[in-house]
Amino acid sequence: MNEDTRSLHPEQQSAESPRPAIWGDPAALGLAGFALTTLMLSISNTNLLKEAGAIVPLLGLAAFYGGLAQFVAGLFEFRRGNTFGATMFCSYAAFWLSYWWIVPRLAFAGDTHNAVGLFLLGWMIFTAFMAVAALRVSLAVLAMLALLTLTYLFLAIGAFQTGAQPHAMTQVGGWFGILTGLAAWYAAAATVINDTHGRTLLPAGPRRPGVARPAGDERVV
């Protein structure tokens, strides 16, 4: 058998490196799930939506869109080596899943206003240091996290107060939450639209100096 017609052994095959896997940007999914769920809760906190049954679609969103979908986005951010995105999406997914679990049980738990206040205060602290990290990510995400820090702050103050709900501070937190949700939706839209068109149509304000990116690649997270 001629040398040129023999099949190569595995160890003799071309040493060309395999083509790198192409991963989509999971930030769009994570931001979109966060945005819609935050908007629904915040509209309720402002007392604009007074239907008692409004909690039902909100809990559904908290479990599946803000929770599970955002958690999946966080896992893919881990796979892509993005510590910031993975920490943010998995953490807020945990927030929404815990919200889905806690809220139906509050009616049977007695007085919980201080515990809920501490719960929200802890999330405010987490969001504040994530906002510091976002100084090197993008202006869109920085705006979202700065607004979310204020949202948690006012919601925590409202939760610490006693008396009939919703308190004025809770309503203020609701309005900041609406702004937060809109900022997250913009960041999600920028991620999807810019990636789909291959150029920047919605600027997100990248904040990673010294990192060279291909033309049209304006990564949000």
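**Exercise 1. Find which residue lies over the face of Trp101, and at what distance from the ring centre.**

Solution. Arg105 lies over the face of Trp101, at 4.1 Å from the ring centre. The test for a charge over a ring asks that NZ of Lys or CZ of Arg is within 6 Å of the ring centre and within 35 degrees of the ring normal.

The model is predicted, so that local features need pLDDT of at least 70 and side-chain atom pairs count only at pLDDT 80 or more, while totals for chains, interfaces and linings use all residues. Residues are numbered from 1 along each chain as its sequence is written, and side-chain values use heavy atoms, with hydrogens and water left out.

**Exercise 2. Classify the ring pair of Trp96 and Tyr99, and say where both residues lie.**

Solution. Begin with the rule: rings of Phe, Tyr and Trp (its six-membered ring) pair if their centres lie within 6.5 Å, and planes under 30 degrees apart count as stacked, over 60 as edge-to-face and the rest as tilted. By this rule there are 13 aromatic pairs. For Trp96 and Tyr99 the ring centres are 5.7 Å apart and the planes stand at 75 degrees, so the pair is edge-to-face. Helices here are DSSP runs (H or I, at least four residues), numbered from the N terminus. Finally, check burial, where buried means under 20% relative accessible area, exposed over 50% and partly exposed in between (1.4 Å probe, protein chains only). Trp96 is buried, with a relative accessible area of 2%, and Tyr99, at 14% relative accessibility, also counts as buried.

**Exercise 3. Classify the ring pair of Trp123 and Tyr152, and say which helices hold the two residues.**

Solution. The centres of these rings, in Trp123 and Tyr152, are 6.5 Å apart and their planes are at 25 degrees, so the pair is stacked. Trp123 lies in helix H4 (residues 113-133) and Tyr152 in helix H5 (residues 139-160), so the pair ties together parts that are 29 residues apart in sequence. Both Trp123 and Tyr152 are buried.

**Exercise 4. Decide whether His113 is buried or exposed.**

Solution. His113 is found in helix H4. At 17% relative accessibility, His113 counts as buried. His113 and Thr162 are 49 residues apart in sequence and 7.2 Å apart in space, C-alpha to C-alpha.
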